[in-house]
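Thank you for making the time this morning.

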Amino acid sequence: MADLAELWEKVSSNKDSKSLLKKHLTKEVYEKLKDKKTKFGGTLADCIRSGAKNLDSGVGVYASDPEAYTVFQDLLGPVILDYHKITELKHPACDFGDLSNLGFGDLDPSGDLIVSTRVRVGRSHASFGFPPTLNKEQRVEMQRVTQGALEGLTGELKGKYYPLEGMTPDVQKQLTEDHFLFNDSDRFLKAASGYDDWPTGRGIFFNDNKTFLVWVNEEDHIRIISMQKGGDLAAVYKRLVGGIKELEKKLEFARLPNLGYLTFCPSNLGTTLRASVHIKIPKVAKKPEFKEICDKLNLQARGIHGEHTESVGGVYDISNKRRMGLSEIEAIQEMRKGVEEIIKLEKAA
Ligand code: ADP
Ligand code: CIR
């Protein structure tokens, strides 16, 4: 409780924070939620710790566990509406579209601009809390369950699980530089207990050619990733959907009808899908209106080593910005259309 009072003091006394936490954690909401607890043991302190310690957060809130979205709805609800720019907490049923008739293939057949394509989703075990409510034994148990499901995959998805514990620093560094692996360098996630007991329970699964990968216990319990060189979005997406469907047969994922799939950060709710290209767009990116162009197309630009990093050599990570309030196939189509438009603009510039 002392912890919560201190965190509240930090947030409420600050005048400069632009975070959604600052905006939506009013005195009234604080008073209403301060003594509540989820069945996983999650508290309001767990939800606001990162944003209170990092007042420069954009969101500033994490869910302590799947049940936090219900128990702390008075805070999380307004944050979700605001972040996803939607007017009601509503999300359509999961719909991956007609995979045999997607109507698109390679977004850059010339191979001039797109370096690589990646689509990822996050998934959470319905029966486990999120990082602030997990202990070491639970992280290990969750890893065991996930690893078991992954090791049953066959065909193109067949691969091997590599726990972070025991991986040499050289291998870790190379996998990270090659955009395959995560690390423990995000201060927002760190303050949210995201790296507690690191590296216990963390690891990565991938197939031989590293086109299908699964992160275990990074920000989310599970991140399912499909990626390859070049711009063949259809191939990447189909492989991802195949992987999701296989894992769904073996694991129960946390989902609410009005929020979609549940994730640690409310910014990832809904489809949880981020489809990105690493794309060479030195001319478009130099335009003063680059940010407006992306906004208008519902795209987000990141640097090539992930969120909060810089571009290198005019190569940007361009992805769909919206994940909630639309279906999986709609999110993919939005990204596809946006990237096609960006390519047109780059070629014309
Ligand atoms: P997330 O997709 O989990 O939101 P990040 O922005 O942190 O994540 O990116 C995770 C990793 O994926 C980083 O190493 C990033 O460089 C890599 N990545 C993202 N998009 C692509 C892409 N289209 N091609 C290759 N690597 C990518
Ligand atoms: C923040 O609030 O800025 C961090 N917790 C990171 C949020 C990550 N997602 C996002 O802004 N899309």
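Predicted model: local features only at pLDDT ≥ 70, side-chain atom pairs only at ≥ 80, totals over all residues.

Let me start with a question: from which domains does the shell around ligand 2 draw at least three residues each? The answer is domain 1 (2–84) and domain 2 (114–348), and each of them supplies at least three residues of that shell, the domain bounds being taken from an automatic or database domain assignment.

Residues are numbered from 1 along each chain as its sequence is written, chains are lettered from A and ligands numbered from 1 in the order in which they are written, and side-chain values use heavy atoms, with hydrogens and water left out.

Let us stay with ligand 2. The residues around ligand 2 are Ser 57, Gly 58, Val 59, Gly 60, Tyr 62, Tyr 83, Phe 188, Ser 267 and Glu 307, where a residue belongs to such a shell if one of its heavy atoms lies within 4 Å of the molecule. By class, this shell has four nonpolar, four polar and one charged residues; here Ala, Val, Leu, Ile, Met, Phe, Trp, Tyr, Cys and Pro count as nonpolar, Asp, Glu, Lys and Arg as charged, and the others, Gly among them, as polar.

Tyr 83, by contrast, uses an N or O atom of its side chain, which is 2.9 Å from a nitrogen atom of ligand 2. On its own, ligand 2 has 330 Å² of accessible area, and the protein covers 88% of it; such areas come from the Shrake-Rupley method with a 1.4 Å probe, and for residues only the protein chains shown count as cover.

Turning to ligand 1, we find 18 residues around it, the closest being Ser 116, Arg 118, Arg 223, Arg 302 and Ile 304. A polar side-chain atom of Ser 116 lies 2.6 Å from a nitrogen atom of ligand 1, whereas a polar side-chain atom of Arg 118 lies 2.7 Å from an oxygen atom of the ligand. The side chain of Arg 223 likewise has an N or O atom 2.7 Å from an oxygen atom of ligand 1. Of the 560 Å² of accessible area that ligand 1 has on its own, the protein covers 90%.

Which strands each supply at least two residues of the shell around ligand 1? They are strand E1 (114–123), strand E5 (222–229) and strand E8 (274–280); helices (H or I, at least four residues) and strands (E, at least two) are DSSP runs, numbered from the N terminus. This shell divides into four nonpolar, seven polar and seven charged residues.

Among the buried residues of H4 are Leu 44, Cys 47 and Arg 49. Ser 64, in the loop between H4 and helix H5 (68–71), is buried with a relative accessible area of 0%, and its side chain makes a polar contact of 2.8 Å with the side chain of Asp 65.

Finally, consider the loop between helix H9 (187–191) and strand E3 (203–207), where Pro 199 lies. A cis peptide bond joins Trp 198 and Pro 199, with omega about 0°. Ser 193, in this loop too, has a positive phi near 75° and is buried at 10% relative accessible area. Asp 197, also found there, has a positive phi of about 60° although it is not a glycine, and it counts as partly exposed at 31%.

Terms used. Polar contact = N/O pair within 3.5 Å; in protein donor to acceptor, adjacent residues only side chain to side chain. Buried < 20%, exposed > 50% of the residue type's maximum accessible area, 1.4 Å probe, protein only.
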